[in-house]
Amino acid sequence: MSSHTLTKVAAPQDAVPPRIVPRRRLGQWTAAGVVLILFGLAVNSVVRNEAFQWDVVGDYFTSASVLRGLWLTLWLTALVMALGFALGALLAAFRLSANPVLRAVSWGYVWLFRSMPILVQLLFWFNIGALYPTILGVRTVNLLGPVTVAIIGLTLHEAAYAAEVVRGGILSVDRGQIEAAEALGLSRWRRWWRIVLPQAMRSIVPPAGNMLIGTLKGTSIVSVIAVQDLLYSVQLVYHRTYQVIPLLMVATLWYVVVTSVLGVGQHYVERHYARGSERTR
């Protein structure tokens, strides 16, 4: 019987590690190139299209009437969001209450105002005088002007969605966090302020930011009741000059500018409340 000797061959210490070649993604790069070409063609067609009348856009972009309409749009958005979230937080507290009556009232409010189109709500409030000619001895035609109607209608509409956003944020906080705070002897106020609210804001801020941007654009609907917001201001101009396209571009560009600023602010607020979590970037 012959014997075989096994010899262990040691690898040289200076052996070069195998080269790692990244995977070639030809399809993705081709698709990206096609998208860039189409995007460039679209931008070129818009910039060089004389029908947009960019000189007219530049003339009216910072005109006094447009800036007044922009200012009304901004403060109307801020006021509606503040009132809407204040009422929404109250409705969320009702929905989370142990009292069945409060829960039913909150649920009914959210169901009703989420079921009605915002335009219908505004027209209803605008014609409230047909149902209630006087309120507390004051004629409704004098009490509820177009701007007041816009504030009431938009606030009641936003509160229904804000209630669900706040409720969802509170429910996202682990129950164990609250129980731990109770075990430490923290008061109810400190538990909500120091434990529940900071964690709930992680879930509240993203949809609240989207609601803010949506409300900003949604305020344009108040033009149907003659509230002189940004859209209504440019409509007054192009009804006089018949330059419809450039005036609509003025409103569009202002909406793009403001929503972009709000988007940047939302990013930093989200990053602030995401500190210490896995979502921190």
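Tyr242 lies in the loop between α10 (230-241) and α11 (244-273); helices here are DSSP runs of H or I with at least four residues, strands are runs of E with at least two, and both are numbered from the N terminus. The structure is a predicted model, in which local features need pLDDT of at least 70 and side-chain atom pairs count only at pLDDT 80 or more, while totals for chains, interfaces and linings use all residues. Residues are numbered from 1 along each chain as its sequence is written, and side-chain values use heavy atoms, with hydrogens and water left out.

Most residues other than glycine have a negative phi. Tyr242 is not a glycine, yet its phi is positive, at about 65 degrees. Gln53, also not a glycine, has a positive phi of about 50 degrees. Gln53 is placed in the loop between α1 (26-47) and α2 (54-61).

The table gives relative accessible areas for several residues, classed as buried (under 20%), exposed (over 50%) or partly exposed (in between), with a 1.4 Å probe and protein chains only.

| Residue | Relative accessible area | Class |
|---|---|---|
| Tyr242 | 70% | exposed |
| Pro133 | 48% | partly exposed |
| Phe124 | 41% | partly exposed |
| Gln53 | 29% | partly exposed |
| Met211 | 12% | buried |

**Overall makeup**

The protein has 11 helices and 2 strands. Read from the N terminus, the order of elements is α-α-α-α-α-β-β-α-α-α-α-α-α. Of its 281 residues, 30% count as buried. The accessible surface comes to about 18600 Å², with 65% of it supplied by carbon and sulfur atoms; areas are from the Shrake-Rupley method with a 1.4 Å probe, and for residues only the protein chains shown count as cover. Among contacts with a separation of 6 or more, 75% join residues 24 or more positions apart, a contact being heavy atoms within 4.5 Å.

**Packing of α7 and α9**

Two packed helices are described by the angle between their axes and the distance between the axes. Helix α7 (residues 146-171) packs with helix α9 (residues 188-218) at an angle of about 145 degrees, and the axes are 8 Å apart. On the α7 side the contact is made by Glu158, Tyr161, Ala162, Val165, Val166, Gly169 and Ile170; the α9 residues include Trp192, Val196, Ala200 and Met211. Axes are lines fitted to C-alpha atoms, for helices over the stretch in contact, and angles run from 0 to 180 degrees between N-to-C directions.

Met211 belongs to helix α9. Not counting residues up to four places away in sequence, Met211 touches Met81, Phe85, Glu158, Tyr161, Ala162 and Val165. Met211 and Ala162 are 49 residues apart in sequence, and their C-alpha atoms are 8.3 Å apart in space.

**A nonpolar surface patch**

Phe124, Leu131, Tyr132, Ile135, Leu136, Val138 and Leu143 form a nonpolar patch on the surface, together having about 710 Å² of accessible area. Patches are made of residues with over 30% relative accessible area and no salt bridge, like charges being joined within 9 Å and nonpolar side chains (Val, Leu, Ile, Met, Phe, Trp, Tyr) within 5 Å. A salt bridge is a side-chain nitrogen of Lys or Arg within 4 Å of a carboxyl oxygen of Asp or Glu. Phe124 is in helix α5 (residues 118-126).

Pro133 lies in the loop between α5 and β1 (134-135). Leaving aside neighbours within four places in sequence, Pro133 is in contact with Val138, Arg139 and Thr140.
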